[in-house]
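Here is a short briefing on charged side-chain contacts. Look over the sequence and structure first, then read the points below.

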Amino acid sequence: MAHVRLNNLSKSYGKVDVIKDVSLDIKDGEFVVLIGPSGCGKSTLLRMIAGLESITSGTLQIGGAPMNDVPPRDRGISMVFQSYALYPHMNSADNMSFSLKLAGEDEPQRRSKVDRAADILGLGPYLDRLPKQLSGGQRQRVAMGRAIVRKPEVFLFDEPLSNLDAKLRVKMRAELKELHQKLKTTTIYVTHDQVEAMTLADRIVVLRDGEIEQIGTPLELYDNPANAFVGAFLGSPTMNLLDLEVSAENPSEARFSDGEALRLAAPAAPGRATVGIRPECFALQSEAGSGALRAEVVVVEPTGASTELVVRKAGQNITVLSHERLAINPGDSVWLVPNAERVHAFPDGAAA
Amino acid sequence: MTHASDTHQPLATPQRRFALTDGQVAVIRHLILMSFALVVLFPFFWIVSAAFKTQIDLLMGRILFEPNLDGFTKVIFDKTSDFLRNFGNSMVIGAISTFLVLVIATLAAFSLYRLQWPGWVLHSLLGWSVIFHMVPPITLAGAWYSMFRSVGLDNTYSGIILAHTTLHLPMALWMMGVFVRDVPKELVEAAQIDGAKVPHILWHVVLPIVRPGLAATGILTFIFSWNEFPVVLVLSQRQTATVPLGIGKYAQENTIAFTEMAAASTLSILPAFLLLLFAQRFIVRGLTSGAVK
């Protein structure tokens, strides 16, 4: 096991900068998720750590040793690919033991390591099958098995669950988490799925256009996003981003165009502001009260466990999530009481 | 087709005035296919049947005849016939040059497509190989003859093998290029991470996957070498002559030994035919299924 340190890593293809000056410290045994929209450079960054892409500038350290010019095989890493990349002509056992064979380990040793990995992953009955005889989930497990048997210092995952159907994805996600709790190997995991990031990560790194937007634990990022992009990227239903006005006299309030005001968690710079508030951070009342904002119900979507409302306030739509059964219809008026501690004003222009 | 007509809905497709029924379409289609088959198979049939005729039957143009093996006997057992030797020469030259072509083409294709050469290297090499392939071999034969003569390679197996390897390398490079590119990049990367160096990747990952490609390319290369005429004509003499030259020898200044020629031609088909039968099981598609996704 090892810590991974990225010092001002950059990558350019000709004049195009894909990764711009990324610095990141990953602790021993930590599970870090790189997340961002497609094209943000998260896979490139992972491949740079793996040694499959060259590093244009900056230094990469794994376990304290500089790795910039070390070939992938000597970096002490294993990688699970999005496409699994199983060797099609080898059965599951051979797929998993290929690296051991290359390392010159003898047959009984390989056998026992493969058996142990197969035990962990429940692959016992499938060891002599070819990849084409396996289902998607089983292939995924073989790919993980191949990564495990090497006992790497660092696991790298490149969107490993995105080729699975929704149900299997949830199951494999839980298995992955369990696996990490068992093995406690440093893990770097790339995904574009915010639920995977929230559920798996010790820390999440949000990337956009090759730069780090924010680093933090899932709940830190969820509760205190550094900007509107991070706020909108994490969480479903997505964070409400409202276009409001902050006055110089009262910087801890943001006003709708109809004059009603929303209290902010912290004072903001005067002028137009993007104000973010999560859908579950409202209480609903059926009549006016202090601090309550009047809005008109547009859509009611009950899902059983909760009800999602879209309401209109001064020309802007706001999504509200309530865990109560609401007797409410489109066209009705409701009063929203926002939880002021969860209302963030973002510097303008950073919206996704 | 018949299935489509079962679910045919008259309202959905407007009636054409001269519409053909599916049956008529099938008849026309089969007539066209049969005429193609005829064009391909008739000369073959003609040669094979000629091999079993006597010279007289053949020259009289008799369609019905009593088959005899005189042509074959002469070609194989006659003391003046070189055919068995030609056959052996063709086998040796074809096998060795095919082996060399496959080794070089596979290594080159892997290197060009998977080892991240700058674009101009890839394109200039491939471009050069196309141009070389388009040059008629006879234009090279003269130059090769004088070159080989000066280094003592004329009328040797090595010389002809070298020439055939050179001639057929571009085609093999292009074919193997296609098959090597079909090997998913991730497999090579996975192998790199698993600790494989380039020779391991080639041997343990790429080669097993491109095996059908090797079979297909190998068969074609062997057949090309087997059939190649102008270059061996220039480079070889009696000891190293190959089958096409041997067949050509039956056309002498004064007489043409048609039946021997036909018998020799018929025999010359056999290796390629057997090779195809044998290698067919390697030429299966979808060997990479299950590798990615």
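**Salt bridges in brief**

A:Arg255 and A:Glu253 form a salt bridge, with their closest N and O atoms 3.2 Å apart. The model is predicted. Over all chains, the count comes to 20 salt bridges.

**The A:Arg255 pair**

- A:Arg255 is partly exposed, at 37% relative accessibility.
- A:Glu253 has 17% relative accessibility. It counts as buried because that value is under the 20% cut-off.

- A:Arg141 makes a salt bridge with A:Glu175; the closest N and O atoms lie 3.1 Å apart.
- This pair links distant parts of the chain, 34 residues apart. A:Arg141 sits in helix 4 (residues 136–149) of chain A, and A:Glu175 sits in helix 5 (residues 166–183) of chain A.
- A:Arg141 is buried, at 11% relative accessibility. A:Glu175 is partly exposed, at 23%.

**A pair between two strands**

- A:Arg272 and A:Glu245 meet through their side chains in a salt bridge of 2.7 Å, N to O.
- Here too, distant parts of the chain are linked, 27 residues apart. A:Arg272 belongs to strand 14 (residues 271–277) of chain A, and A:Glu245 to strand 11 (residues 240–246) of chain A.
- A:Arg272 is partly exposed, at 47% relative accessibility. A:Glu245 is partly exposed, with a relative accessible area of 35%.

**A network**

- Salt bridges link A:Lys11, A:Arg47, A:Glu53 and B:Glu189 in a network.

Conventions. Residues are numbered from 1 along each chain as its sequence is written. Chains are lettered from A and ligands numbered from 1 in the order in which they are written. This is a predicted model: local features need pLDDT of at least 70, side-chain atom pairs count only at pLDDT 80 or more; totals for chains, interfaces and linings use all residues. Side-chain values use heavy atoms; hydrogens and water are left out. A salt bridge is a side-chain nitrogen of Lys or Arg within 4 Å of a carboxyl oxygen of Asp or Glu. Helices (H or I, at least four residues) and strands (E, at least two) are DSSP runs, numbered from the N terminus. Buried means under 20% relative accessible area, exposed over 50%, partly exposed in between (1.4 Å probe, protein chains only).
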